[in-house]
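Let's take a friendly walk through this structure, one topic at a time. Have the sequence and the 3D view ready.

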Amino acid sequence: MRERELTTRLSDWTAEGLITEQARERIATYERERAPSRRGPWAIYGVLILGACILSVGVISLVAANWRDIPAAAKLGLAFALLGGLGAALFRAYDAPRRLRFDVLATLYALFSLATLGLIAQIYHSGGRPYQALLLWLVLIAPMTYIATHGFVPQLWVASSIGLFVVWALDETALWMRLFGERGDDLWTLFLIVPSLCLLLGNLASRRPRLAAASRGYDFWAFAGALVAIVATDVYFTFDEMHLATRPLAPAIVIALAAAGSLWARADLPQRGRLLLCALIGLSLLAYLPGAWAEHASSYRHSNGHELQGAAYLVVALLLLAAYFAVREQRRLFNAMTILVGLRFLIVYFQVIGDLATTGLGLMASGLVLIGTALAWYKTRDRLAAFVAEVVK
Amino acid sequence: MKAKHPGVLAALALPLVGLLLLTAWKQARVIIGTRVVVPIAGYDPRDLLSGHYLTYRLDLDSHAACPANEGDSDADANAETPERTRLLCLNTDANDRLEVRALATYEFDPPATPDGCTVVLRGTCHFGRFSANVERFYVPEKDAPRLDGAVRSRRGDIVLRVDRFGGAVVEELLLDGHPWREAIDKTSD
């Protein structure tokens, strides 16, 4: 609550006789003293990490400019001197009472390592693939990420590791493409694989307390990836463009099943939550199997043009996610999922009435549907959350 | 330095030490490798400039570099065999001409170089073109267009350093037989 809003409320409560003048003073003092320690460091943290990232991007740009007048030995010497200085400062900051300095220095150290790797590649004209450089960098900073335990660097490592997998899978010379990606459409399975892989890694990382930050990071990307996958699957059904075969789907099935199994490795997850996520994974795989099998069984291209099938899948998938968040008592995410379900219903409405929506009557009806849906959701959202939590008990 | 955190020290030193070792390894390959000059050409009509580097191909006799194996059709040998390693015997004759001959695997027993070969270069064949993972040269942005034009007009050579196992690193780009910096400076004067 903002300070001005708090002051107004306290004045109202005092005027109504709900609290005494002394209580008002004590609450105001308490909140004033608490606010800087709660919000200040986070604001500074964000700005400092942003500054470290911008500084590192500047260094990488400087490296990329490849100034010919500076000898290679001087560039390398400067890079290693900077890296050594940062490493020494980081070691000194490890035991410091304030973690902020360590986190900022660790961010700089990690990104300067990447810049130095780029410089080495530039000076020696390395012909390697981007995923190879990314893999080497992640290996080099992995122990540092492990000891950092929290802050920005574990999140940077997690996001980069997902990027590494995607870059590797999309590289035409990599093993993945040779095994599973004979056609462009086959890479569609990455939409299923990435969230499953994140869920699997997040669950496994949750077993070790030092990897708690990485586990949270993979959880976040699993959720974000699942949303993208759900929308992508809806698109897959709605348009007649995508064609899958069983072979590229095989790794998606294996990784998704491993992710489902790993849910039981997670102590903090209620049993109902596990079952709901398993249902979501099963539903997503089942959505693809008939099309892939039809493609495998015959030489003719299977058409997937079923708009309402896509909408039905998306609605059920989002409701499963909403139920999961209701079980975990995460109200905002529950609300967000139900809003997305409502939006998909509106899209179905426009798909069904088609050109009628552009007529005067159609526009009026559409406006009323929008207002009615929003009001209905707003009025029933609390009861809806309680109902869903009760149903999945 | 504090001695109570050997694990922390090792974890924080790894990026620095790892990158130093990588640099040392690359520099050692440049120093130890055998020098060989190979002509280069562009992938017409593709732009040679890709970001901050030139991409090119080694201008070798493709029939000599990527011959069809016995029992293979030309298409089989040249089209899509990225995992198959190819060995090339490169020999500079008395007139500084580069002779190219494909070797069978049994003809090369590293680190000994077969008779008549200055170096043995290891690579792969893609669509009938030999690639040794040296087809990239980083250049300053402002000099890039001139270098692009020079390589496109086949005035370029690449200086490779090849180790005894057939691995190669790029040492220098030559334009009309001179290091590219000198060649660019001459044309600017």
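## A pair of helices in chain A

How are α6(A) and α8(A) oriented to each other, roughly parallel or roughly antiparallel? This is a predicted model, and in it the axes of helix α6 (residues 152-170) and helix α8 (residues 190-205) of chain A cross at roughly 150 degrees. Angles over 145 degrees count as roughly antiparallel, so α6(A) and α8(A) are roughly antiparallel to each other. Their axes come within 11 Å, and α6(A) passes α8(A) in a right-handed crossing.

## Where chain A meets chain B

The contact between the chains draws on 29 residues from chain A and 32 residues from chain B. On the side of chain A that touches chain B, the elements giving two or more residues are α2 (21-65), α3 (72-93), α4 (99-123) and α5 (130-148). The largest share comes from α3(A), with seven residues.

What classes of residue make up this side of chain A? It divides into 19 nonpolar, nine polar and one charged.

## Two positive phi values in chain B

Most residues other than glycine have a negative phi. Two residues of chain B are worth a look with that in mind. B:Asn133 has a positive phi near 60 degrees, and B:Asn133 sits in the loop between β8 (129-131) and β9 (136-138) of chain B. With 16 other C-beta atoms within 10 Å, B:Asn133 is partly exposed.

B:Asp176 is not a glycine either, yet its phi is positive, at about 55 degrees. Its place is the loop between β11 (168-175) and β12 (178-179) of chain B. B:Asp176 has 13 C-beta neighbours inside 10 Å and therefore counts as partly exposed.

## How confident is the prediction for chain A?

Chain A has an average pLDDT of 82, and 86% of the residues score at least 70. Where in chain A is confidence lowest, and where is it highest? The lowest mean, 71, belongs to helix α7 (residues 175-180), while α5(A) has the highest, at 93.

One stretch to keep in mind is residues 298-304 of chain A, where pLDDT stays under 50. For these residues, the model has eleven contacts beyond four places in sequence.

Technical notes:
Residues numbered from 1 in each chain as written. Chains lettered and ligands numbered in written order. Predicted model: local features only at pLDDT ≥ 70, side-chain atom pairs only at ≥ 80, totals over all residues. Axes fitted to C-alpha atoms, helices over the stretch in contact; angles between N-to-C directions. Helix = DSSP H or I, 4+ residues; strand = E, 2+ residues; numbered from the N terminus. Parallel < 35°, antiparallel > 145°, perpendicular 65-115°, else oblique. Left-handed = near helix turned anticlockwise from the far one by under 90°. Buried ≥ 20, exposed ≤ 12 C-beta atoms within 10 Å, placed from the backbone. Contact = placed C-beta atoms within 7 Å. Nonpolar A, V, L, I, M, F, W, Y, C, P; charged D, E, K, R; others polar. pLDDT = per-residue confidence, 0-100.
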